[in-house]
Amino acid sequence: MLVIKGLKVRVEEKQILNGIDLTVGKGEVHAIMGPNGSGKSTLAHVLAGREGYEVTDGEVLFEGRDLLSLAPEERARAGVFLAFQYPVEIPGVNNTYFLKAALNALRKARGQEELDAMDFLELVKAKLQPLKMDESMLQRSVNEGFSGGEKKKNEVLQMAVLEPRLAILDETDSGLDIDALKVVADGVNALRDKDRSFLLVTHYQRLLDYIVPDKVHVLARGRIVKSGGKELAKELEKMGYGWTDGAGKKEVTAP
Amino acid sequence: MNALEAKNTYFSQFSDWEKTALTKDPFWIRETREKALAYFQETGFPTSRDETWKYTNLDPLFQIPFALNGDRISKEAVLPELNSLGFETAKANVMVFVNGHFSKALSGVSEPSPKVKIRSLIESLSDGPLKKHFSHILPFENRPFVALNYAYFTDGLFLHVPAGERLEKPLHVVYVSTNSGQPTQSHVRNLLLMEEDARASVIEHYWGNNLKPYFTNTVTKVSLDKGAVLDHAKIQQESPLSFHIGTLAARQNEGSRLVSRVFSIGGALGRSEVETVLVERKAECVLDGLYLARGHQQLDHRTFIDHLSPSCVSEETYKGVADGESVGIFDGRILVRENAQKTDARQSNKNLELSNKARIYSKPQLQIYANDVKCTHGSATGQLDEEALFYLQSRGLGREEAKRTLVYAFAGEMVERVADGYLKAPLQTMVKKWMEEKMGGKP
């Protein structure tokens, strides 16, 4: 599904990613953990195609296609979805309008017929329920005035409607209380599928109690310094990131 | 031509014109024309040294000799054209002027209320209320285009809504400019008299359907008696090579309410002025404006709200979008005089620059001489939000569609505020069409 090889990324003059190698298979859930400044969010943004990042080396293949050569909207249409850490407020753009425009852009790219307003509304209402979202949210401007929890739920709603092949969740747990976290996690778990892969980017182990990953990778100083099963997250929680820091240093100094 | 040569041309055309055009003018009208012309001859056109014309380049206007006496008929039927723009003309009173002359044949006025007068101004010169208000002319001082209009006006709308009466259907007045030969000028003068508790909804729609230059110069005078309510919209949709200069000047008595909405989209140079004097207490005005400029257009807006009396409310919101190498101008002045205690005045101007070469000049001015007032104003000019664009793109919207979505979210607010369905739907279409033409593709 996703193959990252030797990815090096610079932001302005600063090297953030120093050679990432990662393979996410079909239907797998991978967690990327790491302290602040380790490059987690950079990785998520580069995969989604945000501007301002310079890829200096390496490549990313998504279902065999060169992902980095695609515009953000082309990546979305190919099936990549990024749930933002800070979903953007867009005053004046109605949430329903936005969701429908997005879904139809994707459907068009897949050669499917565009949905009309009635069919779309039926579809979106069915997706709202498990997220415990109120229908009135559909009539509001995109994320405008939403609470932190509402914003994250809105991201998961978009994901549920757009049905991506690869979903990247950037610190989706940040700023959520435990109830909201459970709802969001349930929403994500409901989307788990043998054909859909997830990349969970998170600082805390907490999220992984609710969305249990197949693999956990630890990112430090722009590199994956440790990979393992879900038990790795527990170890991290016990020992803290200082433990990986040492490992990171060792790797950096190794020739 | 430079400004001085242009002035002399506009002055000297009068003597030939009056021989043929003004034979039926009553003496008192002729007198104002001559006074106005004399004033214009004395002051001439404004220059960039005039504070209120600082950012506007009038030179292109001076380069073209515009002839008086444009065609009086339009070869095209206007009503079907309006319908194609989305106006359901069957639901309105439609009055059509062609190059400044009333065209009864093209109009469709069927106002159910018998006491309301919807007339050609020039055919109503013997009307009592008209005569009374006509003599209270706007001072021309610092208004050379108003003086020019007073000298050369050919016709315009005369609306009289007597006390307690209401115009049941919106009045859609279309000023069409056509020219089959040389570039023409037309000067339109409108008078709207709203007596006590009268109500009306009026659309002044300036519209050109030809690709040659022309010059439209308009003055609309509005009088609102106690409790009267006027919902006024001006759509400036002149053709691309044209020049449009227009002033709306209102006086409001106690508890009256004026809603003025200006939509500027057409013309090479478009200037719209709106000024209202809140003469008596508890008068209210809402001044809304939207300008969408592109190419080399100059779209210029000047407003003046004069809080003369206590407890009046003014709420002003102007928004502009400038693309290409266009210029968008907002110059909004609010004066709260010493006597105007308990004034509530709000002003906001927001602009979006879509290109590096587009320029926005925003000049909000609040002058307060009373001490117990609530006044706020704000002005902001920015570019499209890259974060929001990326967010929309990351959900599959193409970059151009994402831009259109954000521009409509910004500009559309001014259209969404329109309550009247007759006007709202065509305006939505107009703004969307502008974005499609500008940014390609359908939203």
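In this predicted model, R33(B) is buried, with a relative accessible area of 1%, and its place in the chain is helix α2 of chain B, which spans residues 27-43. The side chain of R33(B) is joined to that of D25(B) by a polar contact of 2.6 Å.

Apart from neighbours within four places in sequence, the residues in contact with L125(B) are P26(B), W28(B), I29(B), L130(B) and K131(B). Two of these, W28(B) and I29(B), are in contact with L125(B) and have numbers that fall in the range 27-43 given for α2 of chain B. From L125(B) to K424(B) the separation is 299 residues in sequence and 34 Å in space, taken from C-alpha to C-alpha.

Strand β13 of chain B (residues 284-293) has nine of its ten residues buried, and it is therefore largely enclosed by the rest of the structure.

| Partner of β13(B) | Sense | Bridges | Example pair |
|---|---|---|---|
| β11(B), residues 257-264 | parallel | eight | R257(B) and E284(B) |
| β15(B), residues 313-322 | parallel | ten | D288(B) and T317(B) |

In a regular strand the side chains alternate between the two faces of the sheet.

Turning to the interface, the contact between the chains takes 17 residues from chain B and 30 residues from chain A. The area buried between chain B and chain A is about 1,800 Å², with carbon and sulfur atoms giving 63% of it. On the side of chain B, F390(B), Y391(B) and R395(B) supply 42% of the area that this chain buries against chain A, which is more than any other three residues supply.

Between chain B and chain A there are two salt bridges, and ten residue pairs are in polar contact, counting pairs with both residues at pLDDT 80 or more. One salt bridge is formed by R50(A) with E387(B), whose closest N and O atoms are 2.6 Å apart. Helices α7 (386-393) and α8 (399-416) of chain B each supply at least two residues of the side of chain B that touches chain A, and the largest share, six residues, comes from α7(B). By class, this side of chain B has seven nonpolar, five polar and five charged residues.

Two residues deserve a look at their backbone angles. Most residues other than glycine have a negative phi. N143(A), however, has a positive phi near 60°, and K342(B), which is not a glycine either, has a positive phi of about 60°. N143(A) is found in the loop between β8 (141-142) and α5 (148-162) of chain A, whereas K342(B) is in the loop between β16 (327-336) and β17 (344-353) of chain B. N143(A) counts as buried, at 0% relative accessibility, while K342(B) is exposed, with a relative accessible area of 53%.

Definitions and conventions:
Residues numbered from 1 in each chain as written. Chains lettered and ligands numbered in written order. Predicted model: local features only at pLDDT ≥ 70, side-chain atom pairs only at ≥ 80, totals over all residues. Heavy atoms only, no water. Helix = DSSP H or I, 4+ residues; strand = E, 2+ residues; numbered from the N terminus. Buried < 20%, exposed > 50% of the residue type's maximum accessible area, 1.4 Å probe, protein only. Polar contact = N/O pair within 3.5 Å; in protein donor to acceptor, adjacent residues only side chain to side chain. Contact = heavy atoms within 4.5 Å. Buried area = accessible area lost by both parts, 1.4 Å probe. Salt bridge = Lys/Arg side-chain N within 4 Å of Asp/Glu carboxyl O. Nonpolar A, V, L, I, M, F, W, Y, C, P; charged D, E, K, R; others polar. Pairing = 2+ DSSP bridges.
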